[in-house]
Amino acid sequence: ATRHDEIFSWIRDNERGKNNHNNNSSNKKRKRRTPQELECSSLVVDFQVRSWIALDDEDLVNVEEDRVEKKAIPHAVKTESSVGLTLQDVQLGVKLLEDQMHAFYQLT
């Protein structure tokens with residue numbers, strides 16, 4: 001599997017409800033959680049991914065010699081490992097997120 005496959009798999013696996021702690025079997029012995037753990041777990045369970053980006057020094061769009069991963073184009077920001085995250089990378093990432101939000105909410 002390529003890096004973009006890992007990212008898309010993580011997004012799919014963490015969509016709303018799939019990791020809901022209420023789906024756990026009731027006969028399992030549960031560890032007592034601290035208030036902070038309870039707060040974090042409720043935040044993590046109650047979300048839906050609407051927009052996201054991946055900042056990576058690996059090319060997530062051109063994944064193989066003749067294969068372009070088109071579904072990664074609106075999400076991928078390729079950084080240079082020798083330089084690190086640049087202002088241009090951040091600007092592109094923000095633009096990609098804005099574009100996704102506009103598409104999701106059907107804004108003009």
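**Charged and aromatic side chains in the predicted model**

Arg3 touches Asp56, Glu58 and Leu60 when residues up to four places away in sequence are not counted. The structure is a predicted model, and within it Arg3 belongs to helix α1, which spans residues 3–13. One of the contacts of Arg3 is with Asp56, a residue 53 positions away in sequence, with a C-alpha to C-alpha separation of 9.3 Å. The relative accessible area of Arg3 is 33%, so this residue is classed as partly exposed.

A search of the whole structure for salt bridges returned three. In the pair formed by Arg67 and Glu69, the side chains meet with an N to O separation of 2.9 Å; Arg67 is partly exposed at a relative accessible area of 28%, whereas Glu69, with a relative accessibility of 12%, counts as buried because the cut-off for that class is under 20%. A salt bridge also links Lys78 with Glu80, where the closest N and O atoms are 3.6 Å apart, and here Lys78 is partly exposed with a relative accessible area of 42%, while Glu80 is partly exposed with a value of 45%. In the pair of Lys95 and Asp99, the side chains form a salt bridge at 3.0 Å, N to O. Lys95 and Asp99 lie four residues apart in helix α3, and therefore about one helical turn separates them. Lys95 is partly exposed at 43% relative accessible area, and Asp99 is likewise partly exposed, at 38% relative accessibility.

Helix α3, comprising residues 87–104, also contains Asp89. Asp89 is buried but takes part in no salt bridge, the nearest side chain of opposite charge being that of Lys78, at a distance of 9.0 Å. The side chain of Asp89 does, however, reach the backbone nitrogen of Thr86 at 3.0 Å. With residues up to four places away in sequence left out, Asp89 touches Val77, Lys78, Thr79 and Gly84.

With regard to aromatic side chains, a search of the whole structure identified one pair. The ring centres of Phe104 and Tyr105 are 4.8 Å apart and the ring planes stand at 85°, so the arrangement is edge-to-face. Both members of this pair fall in the partly exposed class, Phe104 with a relative accessibility of 38% and Tyr105 with a relative accessible area of 42%.

Definitions and conventions:
Residues are numbered from 1 along each chain as its sequence is written. This is a predicted model: local features need pLDDT of at least 70, side-chain atom pairs count only at pLDDT 80 or more; totals for chains, interfaces and linings use all residues. Side-chain values use heavy atoms; hydrogens and water are left out. Helices (H or I, at least four residues) and strands (E, at least two) are DSSP runs, numbered from the N terminus. Buried means under 20% relative accessible area, exposed over 50%, partly exposed in between (1.4 Å probe, protein chains only). Lys and Arg count as positive and Asp and Glu as negative; His and the chain ends are not counted. A salt bridge is a side-chain nitrogen of Lys or Arg within 4 Å of a carboxyl oxygen of Asp or Glu. A polar contact is a pair of N or O atoms within 3.5 Å; within protein, one must be able to donate a hydrogen and the other to accept it, and residues adjacent in sequence count only if both atoms are side-chain atoms. Contact means heavy atoms within 4.5 Å. Rings of Phe, Tyr and Trp (its six-membered ring) pair if their centres lie within 6.5 Å; planes under 30 degrees apart count as stacked, over 60 as edge-to-face and the rest as tilted.
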